[in-house]
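Let's take a look at where oppositely charged side chains pair up. Here is the structure to follow along with.

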Amino acid sequence: MQSPPTVPSATDHTEPVRRRDWAGEPGLILGEDAQGYDELLAQVRRALTPRDVMEEMWIRDVVDLAWDSFRLRRLKANLLRVRASNAVWDVLGPLVRNAYDLAQKWHARDEAAVRTVDAALKSAGMSMDAVMAATLREEIDEIERIEAMIANTETRRGVGLREIERYRASFAEKLREALESVENSDPHAAGIVPQPPAEQEAV
Amino acid sequence: MTSLCKRRANRRNARASTGPRTAAGKARAAQNARKHGLSVPALRDPEKTRNIGNLARKLAGPKADPQRFAAACRFVAAQIDLLDIREARLPLLSRALDDRAAIKRLHSIDRYARYARSQRSRAIRDFGSARPPVSMGIGQSIDSDTCGAAIDVAAVLRKSPLQKRRSSLRRGIGRRPARGTSLRFGRRVDYNRFCDSAKTKPTGKV
């Protein structure tokens, strides 16, 4: 006998939100791990337990911003790695012949080329740090922009968490005021104290 | 001086090349200056306005106060703006490694996100401070005229009394005092009277 399909309950926060809702679809680019995103979302949802659409939206915001921050950090590292071959060419230019070809082979991680580059750098009293410094000098504008975007992303993530906190505090305050107003009013009228049963008229 | 004959010829030639003539061509040329369209808020886009109205109605409730409904509209519009910005960022992020211009564009798009976020936060604050749809005997919730099929964009964008008060307060704080004076503990102090040199204008002559 086939078991009935399991329906996730409304309080199941591990369920990934993939539909086009208030928070939109997860913004993933080609090559990004959708499972990793879902896990991050599930973890944050478990920790914060959204109560309504606003909180759901903020949580998605916080997760997206965290994801964006990781992505931008990766972008920065990859940018330095990809553009390093130009820096190898620059640094080795005065040291060896055919520096361009050597840089291209080094970029393709050709073992002989890697050894040659290391030896040439060592003979000139330099290391890969010099190559990375040259890359940074070339790409400083891009790196600066990426750093600014990372800083913005982290600030916004903090703001998002504070907004959830403020929203919950204001909700709790409203709830307390409503309860106080009910307590201060006539308890019989508010329905807190049950009305005494009306005396039955004698028949 | 240009001769009359030349001027006539120039006018004739200019008339022969005055842009697109067909409706499709005009429509295409109208979009020439468009880069990404993110500077136009969703509330100004007639196609999105209907969707905004429906979503805001769901959020605020059918018997919402007009003020609450307007705040809900602003909130939904800002959220749609943010989703549009997120969608516009994705292709740029994909080619950021190969294209220097993509990183520059990403950085410039960031400011639209900042604006949309601040709009959304403000709308949420107004939404929270507006009267909830079901009142608990304190007042009476009213049927809003703005809850019809189309929303009144002008009414939605009009500042609420709370916002007006907030902006006037901000103006008060940020107001620059006159030269030689300073705002100290809320009182304007004229520092020029403590300084003898301020009373006499420097002539620059020795």
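A quick definition to begin: a residue counts as buried when its relative accessible area is under 20%. Keep in mind that this is a predicted model.

Across all chains, the structure holds 21 salt bridges.

| Salt bridge | Closest N and O atoms |
|---|---|
| Arg71(A) with Glu32(A) | 2.8 Å |
| Glu55(A) with Arg168(A) | 2.6 Å |
| Glu139(A) with Arg83(A) | 2.7 Å |

Start with Arg71(A) and Glu32(A), which form a salt bridge. This pair ties together distant parts of the chain: Arg71(A) belongs to helix 2 (residues 53–82) of chain A, while Glu32(A) lies in the segment before helix 1 (34–48), 39 residues apart. Glu32(A) is buried because its relative accessibility is 14%, and Arg71(A) is buried too, at 7%. Both also belong to a network of salt bridges that links Glu32(A), Asp68(A), Arg71(A), Arg74(A) and Arg89(B).

Next come Glu55(A) and Arg168(A), another salt bridge. Glu55(A) is buried, with a relative accessible area of 3%.

Last, Glu139(A) makes a salt bridge with Arg83(A). Glu139(A) sits in helix 6 of chain A, and Arg83(A) in the loop between helix 2 and helix 3 (84–92), 56 residues apart. Glu139(A) counts as buried at 2% relative accessibility, and Arg83(A) does as well at 10%.

Notes. Residues numbered from 1 in each chain as written. Chains lettered and ligands numbered in written order. Predicted model: local features only at pLDDT ≥ 70, side-chain atom pairs only at ≥ 80, totals over all residues. Heavy atoms only, no water. Salt bridge = Lys/Arg side-chain N within 4 Å of Asp/Glu carboxyl O. Helix = DSSP H or I, 4+ residues; strand = E, 2+ residues; numbered from the N terminus. Buried < 20%, exposed > 50% of the residue type's maximum accessible area, 1.4 Å probe, protein only.
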